[in-house]
Amino acid sequence: MDATSESIGVNSDPTRPELTLSRDTTTGSSTLAPTPFWHDTRKLKVLGMGTALPGAPVTTDQLLKLIDDRFGVAVSRRGAALACRLRIETRHICRDFESRREAPRLGNSNPDLAAAALRMALEEARLRAGDLAYLIGHTTSPACLVPPNIALVADRVGFAGPYMELRQACTGFANALVIAQGLVSTPGVKAVAIVGSESGSVYFDPQRAGQDVSQLVNLVMMGDGAAAIVVAPDDSGPGGRNSNNFFGQVGLGRRSGLALVAGGSDHAFTEGGSIEFEHDFAAVRASGPELFYRGAEAARAFGIGVETVDHVVPHQANGRMAQLLAPFLGIEQSKVFVNADSLGNTGSAAIWLALAELRSHLDSGRRVLALGAEATKYMFGGFLYVHG
């Protein structure tokens, strides 16, 4: 790579998960062809947010030692090196690793976490569940295929109204906002809630970490958790605002970079007996990095440059996102907010968890640009949040 290019993405070698994306820094541009994307400039008033994390934080050393000691799989040395590269120090997990295959611990299931986050968001919003016009969920690790996970969340919070669920990972938030913007435009709607949640640690088989390094990457990289947001029609009152929501994809004809294939009707059975996330690191290297460029360009198309906002919240792929994204975007590292170092990659919950933490110490008027990226089929999305 010549001296005029920078990089950001995921290396095709899973033992060296470094970020790489080419861009010509002499012009500050890319040669990528334009791609269509959905966008909506309408504002949503943010009434409240809530988060839920399972158990105490687990350090990388604790996690790797547990796998070493309990399952006799020597992963500490390689796992520690991976975690160092990813800069992920702690994460929260919904299981205890008492056995190779186990369900979440009591009270830490996906709908349990989602319901806890939703209750917190409703409390900040000073609303009851019955005040919601609609409830929207997005997750890749539901408690079951049917009924939808969000139905189980509704049971837990006593919500008798309509709901829907998106089977989408790191950009589920963007499509949920597309739907919410349409819903709140209906006269009489008081509020809509969105909750992103993951309990993907149950898809990890400790024995596989010694056989497949991509599963070891999953172990040290991913975390469980949930976060919710309650939005309402815009008004003249005080409060934060979400606007300029966008969503697009560049996955046409490209193979998936991250998949959860087993358990679907095409692959109803698994030889090993466990469902697991499958990574294609070469595919992610080829197509994944483009997503951050696409997201930044989409925001710029309606007048929001990354250099004009106070903070950028990218998908929390790893703890090095500030170091890796800032040079590519042409901004200071201090403007890129990252909490993956303490929470890991929480998939559907990642953007909401990051925004909830960041807004807790923002001054009124501060502008935040979210840039989501999802490697399952190369989707990008985002929004502008203005604190109030």
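What share of the contacts in the protein chain with a separation of 6 or more comes from residues 24 or more positions apart? Such residues account for 78% of these contacts, where a contact means heavy atoms within 4.5 Å.

The model shown is predicted, with local features requiring pLDDT of at least 70 and side-chain atom pairs pLDDT 80 or more, while totals for chains, interfaces and linings use all residues. Residues are numbered from 1 along each chain as its sequence is written, and side-chain values use heavy atoms, leaving out hydrogens and water.

**View 1. The whole protein chain.** The protein chain holds 11 helices and 14 strands, which are DSSP runs (helices H or I, at least four residues; strands E, at least two) numbered from the N terminus. Its C-alpha trace spans about 60 × 55 × 40 Å along the principal axes, and 57% of the 388 residues count as buried, meaning under 20% relative accessible area with a 1.4 Å probe and protein chains only.

**View 2. Strand β7 and its two faces.**

**View 3. The neighbours of β7.** Strand β5 (residues 134-138) runs parallel to β7 and is joined to it by 5 bridges, with Tyr134 having Val192 as its bridge partner. Strand β8 (residues 225-233) runs antiparallel to β7 and is joined to it by 7 bridges, and here Ser197 is partnered by Ala226; two strands pair if DSSP finds at least two bridges between them.

Notes: Buried means under 20% relative accessible area, exposed over 50%, partly exposed in between (1.4 Å probe, protein chains only).
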